[in-house]
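Please look over the model below before reading on.

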Amino acid sequence: MATLADIGVSAALNILGAFIFLIAFAILRLQPFNDRVYFPKWYLKGLRDSPTHGGAFVRKFVNLDFRSYIRFLNWMPEALKMPEPELIEHAGLDSAVYLRIYLIGLKIFVPIALVAWSVLVPVNWTNDTLDVAVKISNVTASDIDKLSISNVPLKSQRFWTHVVMAYAFTFWTCYVLLKEYEKVANLRLQFVASEKRRPDQFTVLVRNVPPDPDESVSELVEHFFLVNHPNHYLTHQVVVNANKLAKLVKKKKKLQNWLDYYQLKYSRNNSKRPMMKTGFLGLWGEKVDGIDYHISEIEKLSKEIAEERERVVSDPKAIMPAAFVSFNSRWGAAVCAQTQQTRNPTLWLTEWASEPRDVYWQNLAIPYVSLSVRRLIMGVAFFFLTFFFMIPIAIVQSFASIEGIEKAVPFLKPVIEAKFIKSVIQGFLPGIALKLFLIFLPTILMIMSKFEGFISLSSLERRAATRYYLFNFVNVFLGSIIAGTAFEQLNSFLKQSANDIPKTIGIAIPKKATFFITYIMVDGWAGIAGEILMLKPLIIFHLKNFFLVKTEKDRVEAMDPGSLGFNSGEPRIQFYFLLGLVYATVTPLLLPFIIVFFALAYVVFRHQVKSQFFDYTMFNLVDNLKCACRKGLANQISKTQYFRSFNLVDEGPKFQSLFQILLRHANVMILEFSCRQ
């Protein structure tokens, strides 16, 4: 069991790690050759020029201005200076709402921490229950346990203090969420009102169009909406399976990029035509003129693309029973998207269409009837993934403890029993072991969501985020507070009464406070500080820049760091909200660690939203059309059939999901008290 000294050692190690990450970021961001990695948004907006274009050779790679190193931490106040309206205009409403969730954490837990430390800590500390238990029953207890509810004797009247505080904290959480939700709703309304009309606000996706032997899908859609929506229907475009066409377009784009490279190379040296080999990776094969070869290949591919486009349009098998339908008013589109169209609830299903950058085009070709089967399969797979993941997590956690290591390698016992090594193992190793073990989980869940057939990137992220949170709740929260393997717990739960299961969980919650404190420091302190370093995009950019970049267009694509990562970031926030609300009245010592997480995460992600991560709203409609062309479907979609913008769809459901989950788990705080009464 970790002590205050172990927690102190763990805190020192994680603070040192976070400080190293921040110092490394502050130095790396000043170097000219990293400028495109840490400020990509400013480059795309044309507000920043590359510092490597001019000056001495050394200055293109290393910043020799020593005065800039003195101000290496000025990015922190700069990240906080930009007001929210300017941030919305710069990064989009969705990013601004995401940042407000971290502020909600501070608004909720700072007052709760002050009250808990003023009221509950003295109530817990002034008992001698654990001291007596240590003397009589040889029970192991630390100073941390004396600050928790474990130090209150059974059936004590002092439990009323914890019960009252639990309800007070719950009401305060709901009040803050209500006020913040009203604020976000107003921000959304102001954002919608300030924007110009866009075609994507007038489009609906219709799926599962029933077959008709006398009419094509296009004719059937047109007749249906002319009859049922005669005053608002404008036009439509059926969905086609153009995945093969998209691959050809992608191949043509690659060849065009190589042609640009060879033309640029020739323009720099007109005395010699660029030559290349046609074999694998240009290592062998016939030696030909690079420009002429790619021109001929592009011409051949253009003919294939034209033939494939004609085949897609004329082949009935390529026509999917779905269509994008545009209306002449937002009212007409809203009514169609939110109402049932026929008596049969499985036919003519309508929903708001996503904006082109948000569409996951590959899944549009999946027949609607197979979606239910796919989701059933993934639901069963997720159940087994969640359940059986307890086994390796329990094994890893057992080896990440003093007893587990001494049992596995008994000859290291003298080393492990050293005071500092013991503190590191108890206060640092369990958290880092769990963090490393879950590193690939978001990717696995995203693959499962894609298999289910969701047609927008935002819906893929929401499904993956929901399952990530459920996984954390079952395996990290419940699996950690209940010792033993999954099968042992299943056996014990089957043998005992259902009324005793909450009691078992309630008794185990205070015992695992130290583990969650170490996990918060590893994941929420050092982990968040490591986020700002952008190590993965940094390495990928330099690898691409060295091996793959041939033109300026390649360099622009190489510096794309992606977006905020809603599918992994939001479940982490929800998990910390859960820990804070559960342990606020059980072990208030955990609250300051959560407050540090929310404060540090707010500063870090505000800087990244400002300078690095992209939001869908920063791209105009012309960029959206180009993106759709690259996906091979733009030629099948008329310019009036753009879709609803990402940020107008998702900030409400995201925020609402957080509100609902917090309410769902707020009463968990009372569980431990009712079990002990």
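Does Phe547 count as buried or exposed? At 61% relative accessibility, Phe547 counts as exposed, where exposed means over 50% relative accessible area, buried under 20%, and partly exposed in between (1.4 Å probe, protein chains only). This is a predicted model, in which local features need pLDDT of at least 70 and side-chain atom pairs count only at pLDDT 80 or more, while totals for chains, interfaces and linings use all residues. Residues are numbered from 1 along each chain as its sequence is written, and side-chain values use heavy atoms, with hydrogens and water left out.

Phe547 belongs to helix H26 (residues 535–547); helices (H or I, at least four residues) and strands (E, at least two) are DSSP runs numbered from the N terminus. The protein chain has 32 helices and six strands. Of its 677 residues, 48% are buried. Contact means heavy atoms within 4.5 Å, and among contacts with a separation of 6 or more, 81% are between residues 24 or more positions apart.

Now the interior. A nonpolar core is a set of buried Ala, Val, Leu, Ile, Met, Phe, Trp, Tyr and Cys residues joined through side-chain atoms within 4.5 Å. The largest one holds 113 residues, of which Phe109, Phe477, Phe516, Leu579 and Tyr583 touch the most other members. Helix H7 (residues 93–125) gives this core its largest share, 15 residues. Another core, of 31 residues, lies apart from it and includes Val206, Phe224, Ala318 and Ala323. In soluble globular proteins, nonpolar side chains tend to be buried together. Beyond its neighbours within four places in sequence, Phe516 has contacts that include Val476, Phe477, Phe575, Leu579 and Tyr583.

A polar side chain can be followed next. Gln608 sits in helix H29 (residues 591–611) and is buried, at a relative accessible area of 0%. A polar atom of its side chain lies 2.9 Å from the backbone oxygen of Glu531.

Lys155 counts as exposed because its relative accessibility is 66%. For Met534 phi is about 50°, and the residue lies in the loop between helix H25 (513–533) and H26. Met534 counts as buried because its relative accessible area is 5%.

Technical notes. A polar contact is a pair of N or O atoms within 3.5 Å; within protein, one must be able to donate a hydrogen and the other to accept it, and residues adjacent in sequence count only if both atoms are side-chain atoms.
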